[in-house]
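Read it with the model open beside you.

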Amino acid sequence: MTPLRDYAELGQFIPLHYHYNMLNDTVRMQGFKAALDYAVRPGAKVLELGGGTGVLSHFAARKAAKVWCVERNPELAAKAREILALNPHGKKIEVVEADAFDYLPPEPVDVVICEMLHVAMLREKQLTVISAFKERYLKKFGGPLPVFVPEAFIQAVQPVQQNFHFEEYYVPTILFQDPVAVQDKTYELAAPAVYQILSYDQTYPLNCAWNGVIGIERPGVLNALRFVTKNILAIVTEEQHTIDWHNQYLIVPLEEPLTVEAGDQLHIHFDYPAGASFAALSASLLIAVEAQGQREMQLNLQRPAAAQRTAAL
């Protein structure tokens, strides 16, 4: 059995107060409410994997006939039952204390909600949980698969010059940014480059990887990469638009800043398991800058062992 401390690190047991804080995320709440209002048809059967406080199950229950809300954390499962009883449609929702990796509903469902999401698909187990669920579900019930909420995601990476000074205190550390706020301390050296597009109803890899090139658009000091994860909560085909929600942006500092000029080519390589720690992303990261019109490259290696993998660039 995996030690509890590992589950805590990888997002399996998120503290209760964090779930309450998520209720204050208006953009997240409105996005999921709209997506579930669209995806859940009257009389539908719904399964939520990783229910937290039960709020997404509550949104689904406004139209659904039955909702199974699966939550592994005993304290949180008990609290979800208590909260749902205070709200309309709470009787439609059965809170099941179980592991999302193992649970299957007693009958086929129309919609599956799974919000085990973190930027760059780190820490939480979104990809592995849904992949395991699909295999078990098809084996027991056959097809078709339910609709997933979210339906898909798009991931991108962006080279930036980041100010890591905090009241004259220099801390080059991983940072999170509000995607709807102006980031005065971040200077964008190029536009974000998409490195992964994934739909949950399709077969997909359980890792996040890229070996690509970004053209530098503005001169500066490259000292960080910004990772962007856009979740497609629902695809509204009739109106030809999507209901979206961005995770917080992730700033990953580089060990050795590099001076870059417009026209330089930035070679980026990374490959890490979905749900891994932030350190796993940094450890797999290799960067090289090819100056405009030159073959020589400056290398920025994130760990000593990475020197053995420079041929990948």
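## The parallel sheet

Glu 48 has Cys 69 in β2 as its bridge partner. Helices (H or I, at least four residues) and strands (E, at least two) are DSSP runs, numbered from the N terminus. Helix α5 (residues 74-84) packs on the sheet and touches β2 and β3. The direction of α5 makes about 170° with that of β3. Axes are lines fitted to C-alpha atoms, for helices over the stretch in contact, and angles run from 0 to 180 degrees between N-to-C directions. Helix α6 (residues 126-141) also packs on the sheet, touching β1, β4 (111-114) and β5. With the direction of β4, α6 makes about 155°. Contact here means heavy atoms within 4.5 Å.

Strand β1 (residues 45-49) pairs with β2 (residues 66-71) in the parallel sense, over five bridges. Two strands pair if DSSP finds at least two bridges between them. The open sheet has five strands in the order β3-β2-β1-β4-β5, with parallel pairing. β3 (93-97) and β5 (147-149) stand at the edges with a single partner strand each, so one side of each has no neighbour in the sheet. On average, neighbouring strands of this sheet are turned by 20° against each other, direction ignored.

## Basis of the model

This is a predicted model, in which local features need pLDDT of at least 70 and side-chain atom pairs count only at pLDDT 80 or more, while totals for chains, interfaces and linings use all residues. Residues are numbered from 1 along each chain as its sequence is written, and side-chain values use heavy atoms, with hydrogens and water left out.

## The whole chain

The protein chain has seven helices and 18 strands. Of its 313 residues, 49% are buried. Buried means under 20% relative accessible area, exposed over 50%, and partly exposed in between (1.4 Å probe, protein chains only).

Take contacts between residues at least 6 apart in sequence: 74% of them join residues at least 24 apart. The chain exposes about 14,800 Å², and carbon and sulfur atoms supply 53% of that area. Accessible areas come from the Shrake-Rupley method with a 1.4 Å probe; for residues, only the protein chains shown count as cover.

## Antiparallel pairing around β16

Strand β16 (residues 265-273) pairs with β12 (residues 207-215) in the antiparallel sense, over nine bridges. Asn 207 has Pro 273 in β16 as its bridge partner. β16 also runs antiparallel to β17 (residues 286-290), joined by five bridges. There, Ile 268 has Ile 287 in β17 as its bridge partner.

Leu 266 sits in β16. Is Leu 266 buried or exposed? Leu 266 counts as buried because its relative accessibility is 0%. Beyond neighbours within four places in sequence, the contacts of Leu 266 include Pro 159, Val 213, Ile 287 and Val 289. Leu 222 is another of these contacts.

## Aromatic rings and charges

The whole structure holds 12 aromatic pairs. Tyr 200 and Tyr 204 form one that is edge-to-face, at 6.3 Å centre to centre and 85° between the planes. Rings of Phe, Tyr and Trp (its six-membered ring) pair if their centres lie within 6.5 Å; planes under 30 degrees apart count as stacked, over 60 as edge-to-face and the rest as tilted. Tyr 200 is buried at 0% relative accessibility, and Tyr 204 is buried at 10%. Ring pairs also link Tyr 195, Trp 210, Phe 227, Phe 270 and Tyr 272 into a cluster.

Arg 41 lies over the face of Tyr 38, at 4.9 Å from the ring centre. Arg 28 lies over the face of Trp 245, at 6.0 Å from the ring centre. A charge sits over a ring if NZ of Lys or CZ of Arg is within 6 Å of the ring centre and within 35 degrees of the ring normal.

## Backbone details

The peptide bond from Gly 143 to Pro 144 is cis, with omega near 0°. Pro 144 is in the loop between α6 and β5. The bond from Val 149 to Pro 150 is cis too, with omega near 0°. Pro 150 lies in the loop between β5 and β6 (152-162).

Ala 120 is not a glycine, yet has a positive phi of about 65°. Ala 120 is in the loop between β4 and α6 and is buried, at 0% relative accessibility. Glu 167 also has a positive phi, near 50°. Glu 167 lies in the loop between β7 (165-166) and β8 (169-170) and is exposed, with a relative accessible area of 80%.
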